[in-house]
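Please keep the sequence and the model in view while going through the numbered points.

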Amino acid sequence: MNSMTDWKARWIWSSGEPVTLMEGKHEIVYFRRSFNVSDIGSARLVCRITADSRYRLYVNGMSASVGPCKGDRYTHYYETVDLSTFLVAGLNTLAVKVVHYTLCEPFRLGVGGPASVWRSNQGAFLFEGSLTQQNGCATISLSSDEQWECLIDDAIVFEAGEQETLYVGGTERVIGRKLPFGWQMRKDTAMGWKPAVMVSDVMDMMFGQLTPWPLVPRTIPPLYEQERGFAGIKRISAAGANPIFHQLSEHDDSQGRIVQPGERFEVELDAGELLTGYLVLELSGGKDADIEILCSECYEKEPESTIRRNKDIRDDPEGRRLYGEKDKYIAAGIGDAETGEWERYEPFEFRTFRFVKLTAQAKEEELRLHRFYFRETGYPLEVKATFACSDESLMPLWDISINTLKRCMHETYEDCPYYEQMQYIMDTRLQALFTFQLSADDRLARKAIFDFHSSLMPDGMIQSRYPSVYPQVIPGFSVYWIMMIADHYRYFGDLALVRKYLPTVDAILGWFEAQLNEDGLVGKLPGQVWSFVDWVEEWRHNQGVPIANESGPLTVYSLLYASALQVAAELNAHTGRSSTAEEYRSRAEAVKYAVRQHCWSDEEQLFEDGPGTKLFSQHAQIWAVLSGTAQGEEASLLIDRMLLHQSLPSVSYAMSFFLFRSLEKTGKYDRSFEHWDTWRRLAAQGLTTWVEDPVSQRSDCHGWGAVPIYEFTSHILGVQPEDSGYRRILIKPSTGNLAWAKGTVATPVGEVRVAWRITQDGSLDVSLRSPEGIPVRIELPDGSLYESVAGGEWHTPNGRFLMCKH
C-alpha cells in the first residue's frame, strides 16, 4: 500500500488556513484519538504516519515512533509502524505531538528551526490505520479526520538566534504550568481541546497538481532509543554526599536531590562519551523554580578569539568551563514525591553532549530533582568489523573513530551533531565508505545519494549540503558525489542505481564544462559559489579557499573535474554507454593536458595552485596524482618532493584520506603510518570523538575524521573489493611498522577475517577466513600473489600458501 491513492486518511491541523507566524515562532499542536479494544488477543493495528514538520507518536503513554524521516519538497517520507504490542484491553489512546517549523530566510540563521528539516507554510499531520479484531472481522478506522481532537500549545517557545550552535534549531523556553501534563493518557485538565480540521487530501485530484507533501515510504530503519544514566559528576555546587538522581540504577533515590527554597543548585554531569540523546528531567514541587540544562561537547578555556576556540584537555574542569546552548524550564510544581507522580520535562529534539550542566534555582517552595537521564539515539549501525594490532597506541583511534561515525548518523549522515546536523557531500562520501567497511549497510548511503540528486539545480550543479532549507553550492563537492556512486557500485555492484543517477552526473559535468576558459582549464568560479578546498591554516582567512583564487583559476578544480570525468567514464562503460564513456575520457585528457601546460612549475617541479601564481600546496600535487595527470615514476617523484616541502600548505587531517590514496597509488602507503600522530595527539586530549579540524577546534565530533576505520580495515588488514559487488575479494595487507594485526571486515557477501604477523625470519604469516564460493586474491608486500577460486579458510605458514580443509 505505497500508492498515494490507497490513503483514506486526511491531512489535519488545528486550523484550515496557514498561520502567518513570525520567524522562529514555530507551531506545536497535540493530537489524540481514543478507541476501545474488546478482544486484545486478536487486536492488530499497523499505521502509516507523518507530519509537517516533526512528530512523536505515543500509544497509551508509550513512545512508539518519531519522524518523519528527513526529505524535501518532492519527497515527504512517512513511517509504517506496527502498534499492536502497545495495545491494552479496554480504552486506548493514540497521542501525537507535532512541531511545525516556520519558513525563514537564509540570512536569518538560527531562528528558522533545524535547517535540515524541510517544511511548508502549512502545519499538517497524517495518520492512516485501522484497528482489526476477531481475525479481521471487526474494524475501527482510526485514520486522521475530524474525529481526532487537537490542542494548540502555548507553553513552549523556541529560542531565536543560536549563539553556540548553527542550523540545529535552537533550544526551548518552557513555562511548565501551561503544559498539558498527562495528555497522552487523557489525564490532563487542559481546556481548549477541539476537533481537528482537515487541510488537504493526500493527493490533489485536480490536473496533477501536487500537494506540499508528496508521500514516499521511509527507506531507512527507525533510529534506536536506549535509556542511559550519566557516568559521573564532574563538578557540584553543594557540599555533602553526591546525589545519584543522574544514574539509572536500582538504588532507591525516590526522595531525589532536595533544593531548598531560595537555593541555587548546580551540577555538571559526565555522560562518559560524546553522544546524542533525548534528555529527561523528573521533578516534584518547587513551583516556579528556574531550571536550565546546558549541553556541551567539552570543557574549554576562555576563547582566544571570536573564531578560535581554546580547547586542550576535554574532560578536565580545572580552569575550564562548559559552553553551550541552554534549554530553560519553569517548574509547574505539580509532582508528588510520595506517589511517584513526578513532573517531567523533555526537550522535543535530541541534544548532543558529553557534559551537561543542570542548574536549578528554587523559589518559595522546596524542589526535588528525582531523576535526570537520557535516551541515547542514532542510526542503528551494526558494527561487525573488529581490529587489533601490535601498536597499542592505534587502538584508541579505532574506538574513537567508531564512536565518531555513530554520532554523525541519524536520518542522514551529518557533518557534526552538535553544531549543524547537516549532510555535506564530502563528509558523507567518507562516512559512507567507513560504514561499508564496518557493517556493509548501504541504506543510509543510498538515501544520501538520492538526497543530493534531489538537490539538482537548473544550471546542472547540485547543492553541497542537503536536505537544507538554506541552499549552498561548493562545486568541488559535486565531484565527491559522483565518486559516491562509483564507491557504491564497487562495493555493491548495483547497476540500476548507477543508471538512475547518470543524468545527474551528466548535468554536473556539463556545468564544469561550461566553466572552461580559453586555456582549457576550469576558470575562476562564479562569486556566488564557495570554491572551498580544505581547512588549512594558510587559507583560513579565505574560508578554506586557496589564495590563488584571488587572481584566477584554481588548479585543483581542474584536477577534480578531470577525476570526475574519468570516474563517470567508467560508470558509463559499465552501463553500456560506451560513446559517452569515450567522450568523457577524451574531455579528461584535454583538461589534464591543459593543467600540465599551464600549471606546472619547471623551477619547483610542482603543480601551482593556479597558473602563473607561484603558489603551491599539497592539494594540487595529490590531485595531480589521483587524476592521473602525473603517472608512474613522475607521480612517485612528485609525491616525494611534496613530502619534502615542509612549507607547503598541508592537507587537513580530514583531507588525509586523499593523501593516503596518493601514497597508495604511488606505492608509498607505508609512509601513511607517520601521519597517525595527529590522531594520537587528539586522543591524548581526552576526546571520545574526532574534531572537525585541529586548527579552529570548533566541533569536537566530525564524521570525516574517522579515517582510521577505512585505513585499518582496507589497508592494514587489506580487505577490499577486487570486483564490483565483492564478486571477487582482494586481500592486500600493509604492514608498515607493525609486528601483527588481526580483525574482521564486513562485506555484502559476508565477513572476512584476517590475521597476519611478521615471523622471526622476517616472512609474513597470513591467515584468513572468507565467504565460501567467492574468489579471493592475496597480494603480499613482497609482491607474491596467491589466488583461490572458492574462498574459505587459508593460511601461509613460512611463506607457503596452503588451503586448510575441515
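**Notes on the predicted model**

1. Within strand 23, I330 is the residue that stands opposite I175. The model under review is predicted. Strand 12 and strand 23 (residues 326-330) run parallel and are joined by 3 bridges.

2. Which face of strand 12 is covered, and which is uncovered? E172 and V174 make up the covered face, whereas R173 and I175 make up the uncovered one.

3. The loop between strand 11 and strand 12 contains Y167. The phi of Y167 is near 80°, a positive value in a residue other than glycine. Y167 has a relative accessible area of 10% and is therefore buried, as the limit for this term is under 20%. Q421 also has a positive phi, near 55°, and is likewise a residue other than glycine. Q421 is placed in the loop between helix 1 (395-407) and helix 2 (425-439). With a relative accessible area of 11%, Q421 is buried.

4. The largest pocket holds about 1200 Å³ of space. It is lined by 36 residues, and those closest to its centre are F181, G182, Q184, W342 and R344. Among the elements that give two or more residues to this lining are strand 4 (54-59), strand 5 (62-67) and strand 12 (172-175). By class, the lining residues comprise 16 nonpolar, 7 polar and 13 charged.

5. An open sheet is formed by 6 strands in the order 5-4-7-2-10-13, with antiparallel pairing. Strand 5 and strand 13 (194-195) stand at the edges with a single partner strand each, so one side of each has no neighbour in the sheet. Inside this order, strand 4 and strand 7 (residues 90-100) run antiparallel and are joined by 6 bridges. Y55 has V98 of strand 7 as its bridge partner.

6. Two cis peptide bonds deserve a careful look. One joins D52 and S53, with omega at about 25°; S53 lies in the loop between strand 3 (44-52) and strand 4. Another runs from Y466 to P467, with omega near 0°. P467 is found in the loop between helix 3 (443-454) and helix 4.

7. How many residues of helix 8 (residues 618-626) are buried? The count is 9 of 9, and the helix is mostly covered. Buried residues of helix 8 include H619, I622 and W623. Their cover includes helix 4 (475-492), helix 6 (555-574), strand 29 (606-607), helix 9 (632-644) and helix 10 (656-665). Just after helix 8, G628 takes a positive phi of about 80°.

8. A search of the whole structure finds 0 disulfides. C295 is in no disulfide either; the nearest cysteine sulfur, that of C298, is 13 Å away. C295 is buried as well, at a relative accessible area of 6%.

Key
Residues numbered from 1 in each chain as written. Predicted model: local features only at pLDDT ≥ 70, side-chain atom pairs only at ≥ 80, totals over all residues. Heavy atoms only, no water. 1 Å grid on protein atoms, 1.4 Å probe; cavity = no way out; pocket = protein on both sides within 12 Å on 5 of 7 lines; lining within 4 Å. Points joined across faces, edges and corners; volume = space filled by probe spheres on them. Helix = DSSP H or I, 4+ residues; strand = E, 2+ residues; numbered from the N terminus. Nonpolar A, V, L, I, M, F, W, Y, C, P; charged D, E, K, R; others polar. Pairing = 2+ DSSP bridges. Buried < 20%, exposed > 50% of the residue type's maximum accessible area, 1.4 Å probe, protein only. Contact = heavy atoms within 4.5 Å. Disulfide = S-S within 2.5 Å.
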